[in-house]
Amino acid sequence: MSGDNLIELRPRLENRVWGGERLARMYGLSRRRPLGEAWLVYDGNEIASGRYAGMTLRDAAPLLGERFFGRGLHKKHAGLYPLMIKLIDTADWLSVQVHPDDGYAASREAASGYTGKDEAWLVLQAEPGARIVYGFSARTSPAEVRRAVNEGRLHELLNFVEVSAGDFIYLPAGTVHALGPGLLVAEVSQRSDLTYRLFDYGRGRQLHIDRALEVACFDEARPQIEKAGPGFSFTGRRFEVVVFAGEARAGALAAAVAKLEEAGNGMLLAADGIFDGCGKRHLLSRPVV
């Protein structure tokens, strides 16, 4: 693959109140605040090398053009790369939250510039007994969830699931969810940061009860969890994911590889080979047209 077809992105590191110490160690950093996320592939990431070094992927997109991205990027996604890939390191529970779908995002959150958010998690590391929240344990209603939130007993309605390394979990928009402590997760999602919190453990951050109840699914949860060994593949509503072992297809620098469309010949990579320290699991992702 030629250099013109390969764009290496500099990860964007984000402090989070629930963050752990793994990412700081993996990147060789000394952090006074907990580091929760590394945004590996995102259109706001800076290009790390080559002729476009120092530009963001968003700014370089018109120069890279259809040869790199493939046809349809501007028509369907306003010229913005439509996926995000993150590493998430948890030392505490994340908020109980839910994301809207594309229709809701377009009608109620158009000013944000974000789409809805389907997402998927690949568990890279998990301490014994690590859990997630995936939906509700039994069918419920907006009124019952609101009462539970107000009375401080939302946990009584939630579906808690124990997870381990190698689990792949798909969360379509509308799924109430949360990551628990003791996890290192690779997340593939639509390009969106629209998050509506139902509960946040008294940490003082804003809740979004009304909007969360407008978009949440209240059926009994049916978690989509599979073991993702080498060769595992998944096709969701908005993206595909393939997991493979050993060296990444584009070389040792690849932590995550994202191919935009079949018609394009460009590849996006996260710098620093971060997955080499996580059992050599890598992700390949592209939008479903």
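Visitor: Leaving aside its neighbours within four places in sequence, which residues is Leu64 in contact with?

Guide: Beyond those neighbours, Leu64 is in contact with Ile7, Tyr52, Leu57 and Phe69. Contact means heavy atoms within 4.5 Å. Please note that this is a predicted model, in which local features need pLDDT of at least 70 and side-chain atom pairs count only at pLDDT 80 or more, while totals for chains, interfaces and linings use all residues. Residues are numbered from 1 along each chain as its sequence is written, and side-chain values use heavy atoms, with hydrogens and water left out.

Visitor: What makes a set of residues a nonpolar core?

Guide: The term denotes a set of buried Ala, Val, Leu, Ile, Met, Phe, Trp, Tyr and Cys residues joined through side-chain atoms within 4.5 Å. The largest such core here has 36 residues, and those with the most contacts inside it are Ile7, Leu64, Phe168, Phe239 and Leu268. Helix H2 (residues 57-69) gives the most to this core, with six residues. Apart from it lies another core, of 22 residues, including Tyr104 and Val176. In soluble globular proteins, nonpolar side chains tend to be buried together.

Visitor: How do you know which stretches are helices and which are strands?

Guide: Both are DSSP runs numbered from the N terminus: helices are H or I runs of at least four residues, and strands are E runs of at least two. The chain has six helices and 19 strands.

Visitor: Why is Tyr134 called buried?

Guide: Buried means under 20% relative accessible area, exposed over 50%, and partly exposed in between (1.4 Å probe, protein chains only). Tyr134 has 4% relative accessibility, and therefore counts as buried. This residue is found in strand S8 (residues 131-136). Of the 289 residues of the chain, 54% count as buried.

Visitor: What does the side chain of Tyr134 reach at 2.9 Å?

Guide: The side chain of Tyr134 reaches the backbone oxygen of Tyr170 at that distance. The two residues are 36 residues apart in sequence, and their C-alpha atoms are 9.8 Å apart in space.

Visitor: Why does Lys117 count as buried?

Guide: Lys117 has 3% relative accessibility, so Lys117 counts as buried. It is found in the loop between helix H4 (102-108) and S7. Leaving aside neighbours within four places in sequence, its contacts include His99, Leu171 and Glu187.

Visitor: What makes the link between the side chains of His177 and Glu119 a polar contact?

Guide: A polar contact is a pair of N or O atoms within 3.5 Å; within protein, one must be able to donate a hydrogen and the other to accept it, and residues adjacent in sequence count only if both atoms are side-chain atoms. The side chains of His177 and Glu119 are joined at 2.9 Å, and the pair is therefore a polar contact. His177 is found in strand S11, and is buried, with a relative accessible area of 3%.

Visitor: Why is Ala186 called buried?

Guide: Its relative accessible area is 1%, and so Ala186 is buried. Ala186 lies in strand S12 (residues 183-190). The C-alpha atoms of Ala186 and Ala120, 66 residues apart along the chain, are separated by 8.2 Å.

Visitor: What share of the contacts in the chain with a separation of 6 or more comes from residues 24 or more positions apart?

Guide: Such residues account for 77% of those contacts.
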